[in-house]
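Here's a quick briefing to read alongside the model. Grab the viewer and follow along.

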Amino acid sequence: MSQTHLLREHAPITPAGWAELDQEARERLVAALAARRLVDFSGPHGWEHSATNLGRIEPVAEAPCPGVTAVRRRVLALAEMRAPFSVAREELRAGDRGAEDVDLDELSDAARSMAVAENRAVFHGWTQADMVGITEASPHPEIPRTADFNDYPSHVAKAVELLLQSGVSGPYGLALGTDDYTGVIETAEHGGYPLFDHLRKILGGPIVWSPGVQGAVVLSQRGGDFLFDSGQDLAVGYDRHDAETVHLYIEESFSFRVAEPEAAVALVPA
């Protein structure tokens with residue numbers, strides 16, 4: 001699919017430089033992009049893909065002439081997100097000469113910001129873009145967790161029980177916000193049994209570090225419940241440059257919708 005809108009050919013960056021930028025962005029993004037690892041991902045469909053078909057209609061007040069009725073198809077417009085960053089041209093030249101310590105800190109920060117924004121939109125919603133998040137849509141009561149992470153398996157088991165009572169089958173995944181992930185990974189239950197292993201047995205599915213998520217979310221992995229529609233997948237583009245600095249950005253377009261609200265339960269700090 002064409003990515004000419006990224007204007008990469010106009011940047012004073014060599015093919016080797018672009019390869020290094022893409023690799024750094026990929027490494028930073030893959031670990032933090034939690035939402036797309038736990039929901040149904042469709043795409044990427046390209047920059048020209050502008051809306052998601054909802055399969056529904058709404059009335060049109062007046063048809064062009066008498067004797068005709070009309071309706072309008074409903075769609076969910078894709079939203080575009082962009083995180084700018086800069087790289088010093090001297091750093092790019094150092095990379096071309098084989099330097100292993102190229103300063104790409106701003107790229108790393110931009111990648112994390114994009115991942116956090118995407119995760120928040122999927123799990124907690126993005127009102128301005130008409131996206132309802134998983135925790136917003138869920139009709140289940142939030143499950144408060146205690147400060148003692150040794151109790152975490154009982155909270156997760158309760159969430160799974162709620163899902164089963166609602167007829168939502170597994171396996172189940174667990175999106176852990178940063179604080180919850182740290183608490184879980186640092187905790188060993190009585191006898192030193194790793195908490196992660198216990199949680200995996202309860203869930204039957206993945207446990208994913210999810211920066212941007214508040215608390216945690218247990219959600220079904222059966223498929224068809226949570227739908228992520230990607231237009232332009234995350235990519236690095238060129239904005240402008242001067243004698244010393246190249247100004248770039250990471251960009252994507254996407255929509256998200258919840259097809260089955262009952263397929264998730266939120267865990268929140270007490």
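D197 and R200 sit three residues apart in helix α8, so about one helical turn separates them. Their side chains form a salt bridge, with the closest N and O atoms 3.5 Å apart; the term covers a side-chain nitrogen of Lys or Arg within 4 Å of a carboxyl oxygen of Asp or Glu. Keep in mind that this is a predicted model: local features need pLDDT of at least 70, side-chain atom pairs count only at pLDDT 80 or more, and totals for chains, interfaces and linings use all residues. Residues are numbered from 1 along each chain as its sequence is written, and side-chain values use heavy atoms, leaving out hydrogens and water.

**Salt bridges**

- D197 is partly exposed at 33% relative accessibility, and R200 is partly exposed too, at 42% (buried is under 20% relative accessible area, exposed over 50%, partly exposed in between, with a 1.4 Å probe and protein chains only).
- Elsewhere, salt bridges with shared partners link R36, E118, D233 and E252 into one network.
- The count for the model comes to 13 salt bridges.
- One of them pairs E58 with R72, where the closest N and O atoms are 3.1 Å apart.
- E58 belongs to strand β2 (residues 51–59) and R72 to strand β3 (residues 71–77), so this pair ties together parts 14 residues apart in sequence. (Helices, H or I with at least four residues, and strands, E with at least two, are DSSP runs numbered from the N terminus.)
- E58 itself is partly exposed, at 29% relative accessible area.
- E90 and R97 also meet in a salt bridge, at 3.1 Å from N to O; E90 is partly exposed at 41%, while R97 counts as exposed at 60%.

**The five-stranded sheet**

- Five strands make an open, mixed sheet in the order β5-β12-β8-β6-β7 (strands pair if DSSP finds at least two bridges between them).
- Its edges are β5 (143–145) and β7 (204–209), each pairing on one side only.
- From one strand to the next, the twist averages 20°.
- Strands β8 (residues 216–220) and β12 (residues 264–269) run antiparallel and are joined by four bridges; V218 has V265 as its bridge partner in β12.

**Helices on the sheet**

- Helix α6 (residues 152–165) lies across β5, β6 (172–176), β8 and β12, at about 150° to β12. (Axes are lines fitted to C-alpha atoms, for helices over the stretch in contact, and angles run from 0 to 180 degrees between N-to-C directions.)
- Helix α8 (residues 195–203) packs on the sheet and touches β6, β7 and β8, with its direction about 130° from that of β7 (contact means heavy atoms within 4.5 Å).

**Nonpolar core**

- The largest nonpolar core has 70 residues, and F123, I134, Y152, L174, V218 and L248 have the most contacts inside it (a core is a set of buried Ala, Val, Leu, Ile, Met, Phe, Trp, Tyr and Cys residues joined through side-chain atoms within 4.5 Å).
- Helix α4 (residues 105–124) gives the most to this core, contributing eight residues.
- Leaving aside residues up to four places away in sequence, I134 touches several partners, among them V39, F123, L219 and F256.

**Strand β9 and its partners**

- Four of the five residues in β9 (residues 226–230) are buried.
- Strand β1 (residues 40–42) pairs with β9 in the parallel sense over three bridges, with S42 opposite D229.
- Strand β11 (residues 245–258) runs antiparallel to β9 and is joined to β9 by five bridges; here L227 stands opposite R257.
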